[in-house]
Each structure stands twice: as C-alpha cells, then as structure tokens.
Amino acid sequence: MPRSRLFDHHQGLILLSGCRRGDLAGPLLADDPDRAHARAAGYREVFGKDRFFIELQPPRSDAHRRLNGELVQLGRSMDLQVVATANSHLLDAEDAELLRILAALRQGLTLGEIPSIPVLAFPAPEVMKAEFSHLPGAISTTLAIAERCNVDLELGRIHLPRFSVPHGESAEQVLAKQAQAGLRERLAQGGAVSHRYSQRLEQELAVIERLKLADYFLIVADFVGFARKKAIPVGPGSGAAGASLTALALGITEIDPVEQDLLFEHLANPLHPEIPDLDPSFATERRDEVYGYLCRTYGPDRVAHIVALGTMQMRSAIRDLGKVLAPSPDEEDDEIDASPGRGTFEAPHLSREGLVRLGIALEGLPRHVTTHATGVVIGEGPLTEKVPLFRDAQDEWVSQYDMRALERVGLVKFDLLTSRTLSVMARISGAAGAAALEVFPWKDKAAFNLLCEGRTAGLPHLDTEGARALLFSRKPRTWDDLLLVMALSRRETGLSKTRPVEGEGDPGAGVSEIGPEPEALLFDVDATRLIAHTTGWTLERADALRRVLMRYGAEDREEFRQSFLAAAQARGNAAEEADSLWSRLERETPLTQNKSQLVGRAYLVLQAAALKARAPQHFLAALLSSELRQWDLLEDHVGACRAEGFELLPPDINVSEVEFAVEGDALRVGLAAVRHVSETTAAAIVRARREGGPFRTLAELCARVEREFLGRRALEALIKAGALDCLGAGRKRLVSLLPAVMDAARSGQMVLFEAVREDGPAAEGVGGEPEWSELERLAHEKEALGFSLSAHPLGEYRALLEQLSPGGTSQISRLHEGARARVGGVIRSVREGRSRKNEPLHFVELEDFSGSLEVVIFADTLAGYGKGLERGAVILIAGRLVRDADRVRLVADDMMTLDEAAVGLATSVRLHLHTQGLSRERLERLEKVIRAHPGRCGLFLHLHLGQQTEVVQKLPENFAVRPDGAFQEDLRKELGELRLEMRYGEEAGIE
C-alpha cells in the first residue's frame, strides 16, 4: 500500500514498523540510518507516539541481531516504544511439512521439487520472554496493543437491505397493498377474493411484519418481476416458497398453497425466526441479467457473489498425496512410520498407513476458492463495512466470508437458482405445435401418458432408472399420483404402501382436522398436522417440534418429548398410545419430504412433460443444445434419443446449425457439439454458408471462413465427426490433405488452390491410401463427438445379444424378486459406493438397445472380472434381481466382456460348406484347423448340396473346438471366406 494512501486512512489504525523487509529495516541494513530516521519521523507525525511502534522479532542471524540493536536505538532516539512480535505462519511446528505438501499440490509438483520451508510456528509465551529478557518492556507493549485491538462483531441481528418505498409509507404497507392487489388479480380477475384466501393472506402478512421480513419479500418480488418483464424464464417456485400465499400474490411463485395444502409455518415460523427460503430459479444462460439488475438497483458496492471454499476430502487427498510424494516402485511398500503428531513424517515416501494419516491431517483443509453456485449477498450499506471482499476473474465482487459466516454477521443471502429445464422449455415454446401452455396442464393426458411410458429423458428429477421404475409400476394419471411418485423416488426407504395425510379445513387457521391415521408419514405437512391433531397445539408450535425431530441429536428434543406426551394425554390419548405416537414421529419425521419443494418440482416436471409430449423432437434437440459443451451429458442424452426411437443425423457443414436442430423426423447434430469447435467457430461456418451457398470442397471451406475462427484442430475434429462427408472424400483422405489445403487456400495462390482440390490430380497420391477401418472411424468419431454416431457401440453384437440376453433390459422389470438374469450392454456410467457392511462396491448403468439398468457389483465379483470398469466398455453380466422401493437392480455375481462371452458361452459351432468344390485336400485342411483349436463347443457341418438341399452332420466329441478369433482366422487362411455360425444353449437366456 502506498504511504500516501496509508496516511489518508490512518484513523483508528495502529502501525508497526515491520519485519526485516519493512520500511525502516531496509535503510538500516543498507547503512543509511538518516533515511530510516526520516521515514520514522513521518510515521510518528501522522500516527503519533501512541499508535506507531518499532517492531522487533527474534533474531535468526547476526545481521538480524544487529538490526534489532539499531531499531532499539532508533526508538530511544525518537521516544518510540518497541514491541516484540514473531513471524508466525503456523500454529504448530509439526504442520511445516503439511504446508510444503499443500504448496506442491497447488503447483502440481512433487515434494522433492518444493524447497524446505522455515518452521515459523507460533511461539510459546515463555519462549518470547526468554528471547526478549533484556527488553521486558517490548513484551508488555505487545500485551498492551493486543488489549487495544478489540473488535466487536454484532452477531445474531439480521441486517436486511431496504427496499425503496414511497415517502411516508412503510415496507409493510407497500407489501400489503401489492399482495392484496396481486391476489385479486390472480384469483378473481379483480373481483372479490374468498374469505379463505383473504384470511390466510392477513395471517401471513401479520407474521411477516412480526418477523420484519417485508423488505425481503419486496426485494425478491422486485427482481423476479424484472425477470418476467424481460421475458427471462422464471421457475414455478423453489424451496419452501410455494407455502406462501403472499409469494403467489407477488408473482414470486406460481403455486397456490391453499390448493396444494401447504403450510406457511414451514416457510416462516415466529418460534424459529430466520430468513425464509424464497429461492426463485431462472433460465441458466440469463441468470447474469438478474444479477446485473441487482447491482444497478442497490449499487455495485452493496451486491456481491459469495465465496465457496473447496476442501480436501479423504479419498482425493490420499490420491493427490500419492502424486506429490511420488514413491519409487521399490519404496512403495516400505513401512515408514508416521509420528502421532498431526501430519508429521520422517521420510518423503510413506507406507499406506502413513498416507492415511496424512490424508486425515489434510482432510477439511481448503483446496481451492470458487464462488457459490447460486448465492448473492445484498447489504443495507456498503458491504465493506461488514465483510471483506475480493475481485474474481470476471472482475466482480466476491465476499471472503462463506454463507455460514455471512449469516452469523447478519447479512442476507439471496439465491438466484438456475434451471436447465427452463432453458429447454423456452427454446421450444413456439415450436411445432408446442406453443406455451396458457393453462397449467393439471389433467393433460399426453403428459401423463409420456410419464407412464417412462420417457423421462430431459425431465428434471425423474430422469433416473429408479424414477422410471416407479413410473412404470405406479402409472401416475393425476397430479396427486405424480407427487407420490416423486416423493417415493426421493425417499430411500422401501415403503410399498404409502400415502399422504389428507387434511381438511383452512391450512392457515389453527389446527386442521386430519383423516384416518396414515400408513406412513410421507410429507412434512403430514408430520406437522399429526402433531397438531394429537396435542391441540397451534401449527406454529407443531412445526417447531417437527424441526426438532428433523435434526439428529437436537438438545431440546427431550423437553419437547415431555411436552408432547403431556399434551397428547390431555387430549384423551392413553400414555401407551402417546408414547407410541412419539416413537413413530421420531422414526418417520426425518424421512418426510418437503412438500412445498416437491410441488414446485412436480409443477416443472408436468409442464416439461406436456411440451415434450407435443414436440418430442424439438424438446430433445433443445435438451441436447442446453448441454452443448458437456460431452458426458451429451452421450447420455444421445442414448435417450435412441431409446425413444429418434434418429440422430451426423453434423454436416452444409446442413447443420450451430446447435442441435430438428430435421424431418430426426435430429441433426449441431456444429458446436464437435470438440474443438467453439460456438463462435460454428456460427462463422453457418454464416459463410448462408452468404455464399454450400461448400463444395475442403479448400473452399478454408478460404471462405475467416482464419481466426477456423483452425486446424477444429477442421480435423469436424472431419473426424463426419461433418465433411458431404464433400464426397474419405475422412482419412481429408485429414491427410488438410495442411496443404489450408496453406494454399489461405495464401491466396489460386493456381495452387485449384491444384489441391480434393478431387484434383494433386489428391490422387493421397487418395490411394486405404480409408480408416470401421473401428478406426468409430474411434475417431467418438474422439470428436464424445459418442459414436454412425453406429451403435453394440451394433456388431446385436445378434449375439439376441441369443445371450433375449429381451434385454426391457424384460427385467417383469421378473420376480431374486430371479436370475443375464444382460449385456455398454457401460454408460460408473460410481463407487459402500455397502451396509462398509464393503466397497460399484453402481454401473448398463445400456442396451431397449433401455438401461443399474447393476451393483461387489469387489469380489469385480476381482473375478479382472478388468477395470470403464465407460464405453461392452460387457455381459449375470446375477440376481433385487427390488428396492419399486426400483429394480441386478446384483452381479459373474461378468465378462461380450467378446469373451461370444467364445466362452457358445455351445455349438456351425460351419456352412458347399459340396461343390469340396475336395479331399480341403477337408484335410479343415481337420487340421479343428485339431489345432480343441475346446468344448460341439461342431456341426452344414453341407449345402444345392439351393434348397442341406445336410447337417454333428461331428464326434473329439472334434469339439474353441471358436475364438485365432480359430476363425485360421479357418479363413486355410479355407477362405465361409459362413460360421455360433449358437448358444437355452441356458443362455433369461430365466
């Protein structure tokens, strides 16, 4: 910091002269005491003797010792006090090596490449007293300064930003006017509102005023209103916002809490005063517009993003330690002791036990700094008065306090959630008969039919195998059915007969009557109503108990328990009944689902389902475009398109748009979906095509698209993806021509330009090379697109799978619990987990031509497989079916690659031979090959005597073969091309 700025802002500051690199030490070490004296005089003049001190640190060298002496002398000559400090980077000396490890992790180096770090630990008081025994006043000055540096942070008080209201009106008055007007407009088109609604709104407004939340509701309503005016897609309501009639009246949500039986007490409860959970969501790509509006409205110094600290996790910490410590193979298994101290060790290479100890030491430490995905903080004044800030890579303010620390100092977090589904729906709202639905599709038959069929690709919260299994089994036909399915899909218990509590009466007025006792508490409102009905408590107090029951180990649980039992017995319940009800509430309340949240999610699901049912291709094209650069997700969506029967056409420079587009009954891949092809590059290609017509040659493409947009990597990726197949040249040929064509076309040498046209003479030498094989082409295609487009990864195995796994995954849901099954497919995803016995296992999503299935693979089964579980691998898995909460899984007990299965599971081999030209010599060569590949597969000869005459002969058992690749290759070498057919016994099917 410049001295001038320090002098301008010196009020309230205590200044120390600094360490060996400080402003006074430099001149003294350079034998320039006059300059040091002049600087000290300047500081003393501005700060005074009571706020400027000469700093001394324990000497670590003779030079440092001499410096301390000169500093003491300087202080005495200027009547300035000296103060003892210590350069401390660590609290514990044992953490010095941890600091080196963290430095290595940040820089991507090994520990040996990081220089030793001086152990600058926080010294004990007795050590400092011994170091400065000759200057006891320096120690006492340290204590005096510490006592002066008291900072009182006001905790527990909420500092809400103020919403701008007309002069003479309060925020509460403005909120009441807006809410009442909004409710009339929404529910009665300007007419009278029913007593039920008006009474509930009055009750809510009274609670909002009591909790001083009017500004909060007005601010959220304001920026949501801005989004709607700017046609930014806004979600129906997130979190608990749907429980508020006020939020509905203000346009924050689209959910009617009276109609949906939602309790305002779950959003704002005077017995638990806190900022409610109003979390509107916006289309992903337009969220920044809402953030910009907040900055303009409240001032850029009052709005900031919120920091999020990525912390070290045990598994990743141990993996990173293995790289940082970089043990050599012969040292890897050496046992090197780690001391009991936190993270210390005696050698740079550790045993596994040592790695675990270091991992424990690193766990929870900050790894990197990022920003909260949705959180924004708005201050009632400049944020720098309450929280330190920093600028991020986009030059926007970010708080250095995380969201928990912000809550403690009373600042309010506003969540601006993003929704990919809103983006998808906005893209297709006017496409192919899928005009935006003016009325919410509560009873839309097409939407419910789509859900019952399990066509949930792109539908939020239901795009999982478990959710699809529930949809198949439950067949939701009504709104309540959908809520039930969504609740069960999120609940991890195996409740097979569950229904919500049905209540009557006004949800906002005191205690409501409940129906017969439910078989299980499914929603949070069920638990609250059951408590209120049993005890006679108000909904506020009943909700307070529900919140306690949701928190494991809550300190006030026993106090609530006694109150509950007493109130329940006072209402006429026997002691045993009251105790049984308490046990049930303790057991089931933590499993209940937030109904407000589920209603908001179901609202979005049903809207998306209605649009998808009307324009499925447009919906899927918009879905693919919304994940344009997320290749892992694209591959999943491509699989979903195929499963729903839609053809995906390859990218084409003469047809494709920037994003995915509908083309007839198919979908065309967008140019920007190709790796190394940015959206800017794709737009430049499309623009050049529209201006100058289709591209005829590679050279023309290079000449017409600006060089800064279209580089070699992008062109090569486009070729490999098949986007230049329209030019009529092979992909390998185009890649080979690429350097010469680019140089010629962009040099402006028209003669050379014509000479290297891919159909000209200069191309003939290259054109003589063989084109890529099918496997090479698919590999390059997958490299460029992230998925194989021109052929399904299981295409060559279709006939094999029809024999080994007839019906595939589509038949699995029809089998009974415990049935054995065998399914083949391609691995789409792999995630690790732990069993109830804490044993390692893997969850694999296996996809075939008819769908997908989740497979559970334990460590012993994986060890028998002998290979890793890689995305894209094609395997055959056998096991037993397990049903869990209407979800079907296969627990594997055997697995192999499909190539291994083709050989290992074959029960017979059929060789088809034509008798014409079948000589003795040819038969002897056949026998030679058979004898060279003995196995267990029976061999059959199919002798074709004519066009319609065939004789089948089974050879003796000593002619059994192993029909692997070597056997088939030897057959081709000895006998030329012939038809070979492998068959699989009945045991290969699904039981």
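**Entry 1: ground rules.** Helices (H or I, at least four residues) and strands (E, at least two) are DSSP runs, numbered from the N terminus. I am working with a predicted model, in which local features need pLDDT of at least 70 and side-chain atom pairs count only at pLDDT 80 or more, while totals for chains, interfaces and linings use all residues. Residues are numbered from 1 along each chain as its sequence is written, and side-chain values use heavy atoms, leaving out hydrogens and water.

**Entry 2: the whole chain.** I found 38 helices and 22 strands in the chain. Of its 991 residues, 48% are buried. I also looked at contacts (heavy atoms within 4.5 Å). Among those with a separation of 6 or more, 70% come from residues 24 or more positions apart.

**Entry 3: helix 20.** I then turned to helix 20, residues 524-535. Its 12 residues should span 16 Å at 1.5 Å a residue, and the end C-alpha atoms are 17 Å apart, which agrees. The expected span here is 1.5 Å times one less than the number of residues. Is helix 20 enclosed or open? It is largely enclosed by the rest of the structure, because 11 of its 12 residues are buried. Among the buried ones I noted Asp524, Arg529 and Leu530. Their cover includes helix 21 (539-550), helix 22 (557-570), helix 23 (575-588) and helix 24 (595-614). Just after helix 20, I saw that Gly536 takes a positive phi of about 80°.

Entry 4: At what angle do helix 20 and helix 22 pack? I read about 55°, with the axes 7 Å apart. Axes are lines fitted to C-alpha atoms, for helices over the stretch in contact, and angles run from 0 to 180 degrees between N-to-C directions. The two helices are therefore oblique to each other. For that word, angles under 35 degrees count as roughly parallel, over 145 as roughly antiparallel, 65 to 115 as roughly perpendicular and the rest as oblique. Ile531, Thr534 and Thr535 of helix 20 meet Phe564, Ala567 and Ala568 of helix 22.

Entry 5: Next I followed an open sheet of five strands, in the order 7-8-5-6-9, with mixed pairing. Its edge strands are strand 7 (389-391) and strand 9, each pairing on one side only. From one strand to the next, the twist averages 50°. Two strands pair if DSSP finds at least two bridges between them. Strand 5 (residues 303-311) and strand 6 (residues 366-378) run antiparallel and are joined by eight bridges. Along them, Gly310 has His368 as its bridge partner, and Val303 stands opposite Ile378. Strand 6 also pairs with strand 9 (residues 412-415) in the antiparallel sense, over four bridges; there Gly375 stands opposite Asp415. I noted helix 12 (residues 287-298) lying across strand 5, strand 6 and strand 8 (397-399), at about 65° to strand 6.

**Entry 6: one residue.** I ended at Ala361, in helix 14 (residues 352-362). Ala361 is buried, with a relative accessible area of 5%. The C-alpha atoms of Ala361 and Asp95 are separated by 9.1 Å, although the two residues are 266 residues apart along the chain.

Technical notes: Buried < 20%, exposed > 50% of the residue type's maximum accessible area, 1.4 Å probe, protein only.
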